[in-house]
Amino acid sequence: MRLIETILKIVRINGKKLSSVNEYLKIVGEFSKSYCVILWELNAKTEHLTTLAHWFLNSDQYPSIHDLPKGKSLTGFSLEANESQYCTDMRKDGRIYSECAFWIDYNIYSFVTIPITFRDGNKGALNVYSKKVNGFNEVTRKNLAILAAILPDFFQSLRNNVTYNLIENVDAKIKLSDSLLAYKGNEVEVDQIRLLFEQICKEVSVVFNCFETSIFLKNPFDGTLDYHRMASTWQPNDSQKVYKADKNDGLTGWILANKREVKITDLLLFDEQKHFIRSEYPDITWHARGNIRRAVSEILNITDTNQKLPPMGFMGAPIGIGDEIFGVIRCCACLEGPYYFGSSELEMLNLIAVRLSHTWKNFIQTNLINEDIGAWEKVVIKISELDKFVIYEIEKEVPNIFSIFEKALTLLPELIRDAEITDVRLLDKQRENLYFAAFFGEAWDSESTNSGENLVRRQKKFSVLGNSAGAKVFKSGETLVLDPIKEGDSYEQTFNGVKKLIVAPLQFGQNVFGVLDIRSKRDGTFKKAAKSVVELMGRQLALYYQLVTTILDHGKMQNEQIQTYQDFVHQVRSPIYQASARARKALNLAIQGAKPSILLENLQATSGLCNKATRVAENISLFSDLAKKNDVKINNHYLEPEIILKLLREIISDNIFMADPERNLKIDVDKKTFNILSDIRVHLDHNLLEQSLNVLLDNAIKYSFDNTVISISADLSNKSNFQINVKNFGNAISPEEVSLCKQRGYRSPLAVATTGEGGGIGLWVIDNIMKAQKGSLEIIATNSLHETHIKLVFPADKKHSR
Amino acid sequence: MKIIIVEDDYMQSSAIKSEILSKFSKIEVQVIDSELGFQSNFGEMLQNPPKIILMDVMLRWTKPSQNMTLPPENIREEGFYKAGFRCHSLLKKQLILKDIPVIFYTVLDKDDIQSELDNISGESMYIVKNKDVSPLIGKIGRLIR
């Protein structure tokens, strides 16, 4: 009757956890009134029996030994003979060897050992121990044999049930998470997946009674190829959180490297059983002994460091699809029996790993697709943000293109995950080198501890003829992608350890004026859209550059125009004041009865200064018309030799008088050459001619060296045009400057250095008024370093004889 | 007693020089006609400091010559518009010269150079070039006395 009741109790055991096998042992113990019951399992390779599960009358007790050599124990003998054995008094039974520890440690006198065969084929034994001598009568022993006989089926049924429930629960969690992820659309964050995986780890730990279940995964979005701990039920600070992709050590590392599952019966026997373990898992290592011992001791509340700990099973399976490995799921150290992971537990772990693989792969692919879609959405948003910044910048009096570049660089890492080191390089004025116009990224400051080195790096220049990535892009106008950088890829290294780069041109039309450069020290490749995003940003920056340059040029032109008017005001005001002062002085001198020569000198000065003021005023009027694009008013007359010679006399007199006599400048007019006007007819505006000659002579005096001669002559060109030549010896116009000199506002560096006035508009005005008269201004670049030759060319007709 | 006129327009420097010499006796007038000329005369000024300096504001860097010295980068960028103030700041760095009164004699309106004038001190001052030179001569007279 008691046996039937006992079996009914067994049937009612809640079989949702593997540890329910312990309840079975408890029922057996209570039925037989024993002190403890241990379920042993034989390791066929090592020929040792190890504790699978146990029950003690005092629940805080653990077996003092966990393995029995098959050949040196009564339990082993029973297995060998496939027959139950009964030891009535351990102190007197000569058949026992290893079991002696039970007598010594627990004061046990008798025990029954019943061999069993588990449904997976493994052999084992159910041992029931009593503190009494001859503690089990024959009826009890027979009933124990019946309870032992149904144990394998119970255990298998328990395993099946647990497996089914676990997979069902894991599937339910994944399904729930999938629907949440689907609902959230492209906002899938890795933390949501982490939450799911933590739930799965917890579920597995509960079902398998282990204190640690962990999942390690490679995340393509974190910029490394390493396997990071994604979820775990055991997270002490000193546990390993990362497995390096290129250094696969330890049990987890072995699984990653070999893409195979691992199951180790008892980690505590790792060293003793290394030979057997490595025959199945070649070269496998285990380093975390100290950590795990300490953790298990704490959890089981074992303070005695000499006390043997229960066995620590381990199993781990790769998470991956085909040859692609994403990571590992591992379980370690059971907190109560069954202490060992059987092959069915490992199969179950593999099934869970497959589910994790699909979930992770799905997450990665969804995020990669979302990242691509999101990247373009972000580009639109960020460029819009940049536009606002540019509008703000160009509203300033002097917009700063460098600020715009810096702002763009701060936005780039939000568009391209791995844009760690970024810069904009621009072509310098000499068009010889690219220089850093803006840069962004921690490496710019952290790469060197020495601020001097950082400064040198920032001031580094790259010859456009060189081999730098920027120079290549500058020359070709094509985007350069080195992703990843391979051995033999040739480019100039500004930073160490860079693994990939993209360099795009800053190009407007056909004109490349700089490059946008992004680099990364992280593993893995840039995302798919990265190249297009960098190219787009490069084009955008080129547009901003063009916009700001145009605004600055416009502002500069406006300023130059204002400056030119101011110059004119000064140029006209100065001679008027001086003329006035000279006239007053002449008057005083006359009253005082000064010598006529002194009086004449002052009157001449007054006259010259007045003429100069008049000409400057005329020039202002011309400049004003030309600046407004008004037509130049022309009042043409025929030019006679005596008219031009008179004009020259007056202009020379007024100008040379104002030059410092110590400069010893001479003006030589080759009068004879003007006789050609007797044979030709030249139709021109006398007033404009006076303006032109005045400017040319004024320039010649300003830029001539001391003790030189300015010569003026006339001749006919090959096309029979009338030409007036003005030559001087001083700061010459170089061939490169010939066309520039006719541009409004151009002043050569030498002209700027040697005159304290002028706005670079004299030759521009002459060029325009000559064109208005169908003539031209010609600047002849001579081979001489110091000779300047300028021609006023007028159309001429031959005079017909009467 | 020496007065230095820093002026690159010969007509102006000669007129002012003549006016000073006619009004004051025992006065030596030296004309410097460029910024580089001012810098080159600095050693001599330290040895024989002038009583007054008349300073034009817009000054050329140097006279044209075959082997002329080009202006340094900062002067190229700033241009000739404020050359007189650059010369003035050189004086202020020298203990011996820093208290010499400088008369900025220029056609520039006060508004155009107000920020620079705010930085001048002591007996230095601004006089606009005008047909009437008497304010200038009056000021020189007061400073000489």
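Between chain B and chain A of this predicted model, three residue pairs are counted in polar contact, with both partners of each pair at pLDDT 80 or more. On the side of chain B that touches chain A, the residues divide by class into 14 nonpolar, seven polar and nine charged. The rule for salt bridges finds one across this interface, and in it the side chains of B:Lys63 and A:Asp706 meet at 3.2 Å, N to O. The pair qualifies because the nitrogen of a Lys side chain lies within 4 Å of a carboxyl oxygen of Asp. Overall, 30 residues of chain B are in contact with 38 residues of chain A, and the area buried between the two chains is about 2700 Å², with carbon and sulfur atoms giving 57% of that area.

Two helix pairs within chain A were examined for their packing. Two packed helices are described by the angle between their axes and the distance between the axes. Helix 6 (residues 190-208) and helix 10 (residues 343-394) of chain A have axes that cross at roughly 175 degrees and come within 12 Å, which means that helix 6 of chain A is roughly antiparallel to helix 10 of chain A. From helix 6 of chain A, the contact involves A:Val190, A:Ile193, A:Leu196, A:Phe197, A:Ile200, A:Val204 and A:Phe208, while the residues they meet in helix 10 of chain A include A:Glu345, A:Met348, A:Thr359, A:Trp360 and A:Phe363. By class, this contact has 13 nonpolar residues, one polar and one charged.

In the second pair, helix 16 (residues 596-627) and helix 20 (residues 762-772) of chain A pack with their axes 10 Å apart and at an angle of about 70 degrees, so helix 16 of chain A is roughly perpendicular to helix 20 of chain A. Helix 16 of chain A contributes A:Asn619, A:Leu622, A:Phe623, A:Leu626 and A:Ala627 to the contact, and helix 20 of chain A contributes A:Trp764, A:Val765, A:Asn768 and A:Ile769.

Most residues other than glycine have a negative phi, and most peptide bonds are trans. The peptide bond from A:Asp483 to A:Pro484, however, is cis, with omega near 0 degrees, and A:Pro484 is placed in the loop between strand 16 (480-482) and strand 17 (500-508) of chain A. A:Asn82, although not a glycine, has a positive phi of about 55 degrees, and this residue lies in the loop between helix 3 (74-81) and strand 4 (85-87) of chain A.

Key. Residues numbered from 1 in each chain as written. Chains lettered and ligands numbered in written order. Heavy atoms only, no water. Contact = heavy atoms within 4.5 Å. Buried area = accessible area lost by both parts, 1.4 Å probe. Polar contact = N/O pair within 3.5 Å; in protein donor to acceptor, adjacent residues only side chain to side chain. Nonpolar A, V, L, I, M, F, W, Y, C, P; charged D, E, K, R; others polar. Axes fitted to C-alpha atoms, helices over the stretch in contact; angles between N-to-C directions. Helix = DSSP H or I, 4+ residues; strand = E, 2+ residues; numbered from the N terminus. Parallel < 35°, antiparallel > 145°, perpendicular 65-115°, else oblique.
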